Amino acid sequence: MTTTPHHSPPPPGAETTPAAPGTDLLGFLTLERTERDLFHGWCHAALPRRAFGGQVAAQALTAAGGTVDDDRRVHSLHGYFLRGGNPARPIAYRVERLKDGRGYASRRVTALQGDEVIFTLSASFTRPEDIPGRHLAMPPTTPPEELPNAFSAWAARDPEGFERFEIGRVLDVRRAPVDRPERDGGTEQRLWIRSAAPLPDAPLVHMCALTYASDLMLAPVAALDVEAPGVLRSGPDSSHHFMASLDHAVWFHRPFRADDWLLVVQRGPTAGDGRGLVHAGFWSRDGRLVASVVQETVLRPRRSP
């Protein structure tokens, strides 16, 4: 049985064959459930021969969400990228039910290709509480309607290469100008992001979609002081630096829709010792801070051939 983030799980013991690769954002989040706590899916490439980490994390969250009650919402996830995934092979997601308490539920997901673990995820779920709060104000920026598609330069220079860029097909991305992208030793990039197609009215769908998008152009912010992200120029493999995500964490603060515009402000406070750290805040169009992201990445200059 097919399992998408907005569907309740099938009965224990239901078995199917692994899903075929999806062709849109909702399809990219869809898994096949082959056992009570075992799911299978496919991930497309980001770099040649390497699965997109945002999709791996989003599918792992889909698997975790398929094992909790429908009235619970994920509020945080923490993942570690252990090996690069192969987009030509399916990925198995095994869920461990660590806790089902009155207030919170915890899940651990292990993503495997064959016998190799490529990614692990810990996710925590809770029931929403109607308690007043506060948050940082959204910084002023250019509206998305006044900005071009972020990948237009690459699409014009290499249309065949861009045609294979799955992310650019399922996400609408606009890059907003920043007055001082490098200041006080840090770096900053601003993006408007939304799903290119409408998504179902189910909170977990939108949380998984944000998780997918949260990895987009995040690691390159750590090197923004020396080069623009490759996908803005001539393709994701054109960077002068080797980058590989080490870990990835997301905190969800407030309800949102991933098919409405979200402003993503990405900041790189430090880089050195072969690693870079990047923070990101996601604001809804009406100015609510809906999610926060932190990622550490390997960051080294590429060796000359």
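Reader: Why is Ala 244 called buried?

Author: Ala 244 has a relative accessible area of 17%, and a residue is buried under 20%, exposed over 50% and partly exposed in between (1.4 Å probe, protein chains only), so Ala 244 counts as buried. The model is predicted, so local features need pLDDT of at least 70 and side-chain atom pairs count only at pLDDT 80 or more, while totals for chains, interfaces and linings use all residues. Residues are numbered from 1 along each chain as its sequence is written, and side-chain values use heavy atoms, with hydrogens and water left out.

Reader: Where does Ala 244 lie, and what is it in contact with beyond its neighbours in sequence?

Author: Ala 244 belongs to strand β13, residues 241–252 (strands are DSSP runs of E with at least two residues, helices runs of H or I with at least four, numbered from the N terminus). Leaving aside neighbours within four places in sequence, Ala 244 is in contact, that is, with heavy atoms within 4.5 Å, with Arg 50, Thr 297 and Val 298.

Reader: What makes Asp 273 exposed, and what is Met 217 by comparison, buried or exposed?

Author: Asp 273 has 66% relative accessibility, and therefore counts as exposed; it sits in the loop between β14 (262–272) and β15 (275–284). Met 217, in the loop between α6 and β13, has a relative accessible area of 5% and is therefore buried. Phi is positive in each residue although neither is a glycine: about 60 degrees for Asp 273 and near 55 degrees for Met 217.

Reader: What makes α2 largely enclosed, and how many residues of α6 are buried?

Author: In α2, 13 of the 13 residues are buried, so the rest of the structure largely encloses this helix. In α6, eleven of the twelve residues are buried, among them Cys 208, Ala 209, Leu 210 and Ala 213.

Reader: How many disulfides are there, and why is Cys 208 in no such bond?

Author: The count is zero disulfides, where a disulfide is a pair of cysteine sulfur atoms within 2.5 Å. The sulfur of Cys 208 is 12 Å from the closest cysteine sulfur, in Cys 43, which is too far for a bond.

Reader: How many cavities of 30 Å³ or more does the structure hold, and what lines the largest cavity?

Author: There are two cavities of 30 Å³ or more (a cavity is a set of points on a 1 Å grid over the protein atoms alone where a 1.4 Å probe fits but cannot get out, and lining residues have an atom within 4 Å of a point). The largest cavity holds about 60 Å³ of space, a volume being the space filled by probe spheres set on the points, with grid points joined across faces, edges and corners. Its lining includes Ile 193, Arg 194, Ser 195, Ala 209, Leu 210 and Ala 213, and β12 (186–195) and α6 are the elements that give two or more residues to it.

Terms used: 1 Å grid on protein atoms, 1.4 Å probe; cavity = no way out; pocket = protein on both sides within 12 Å on 5 of 7 lines; lining within 4 Å.
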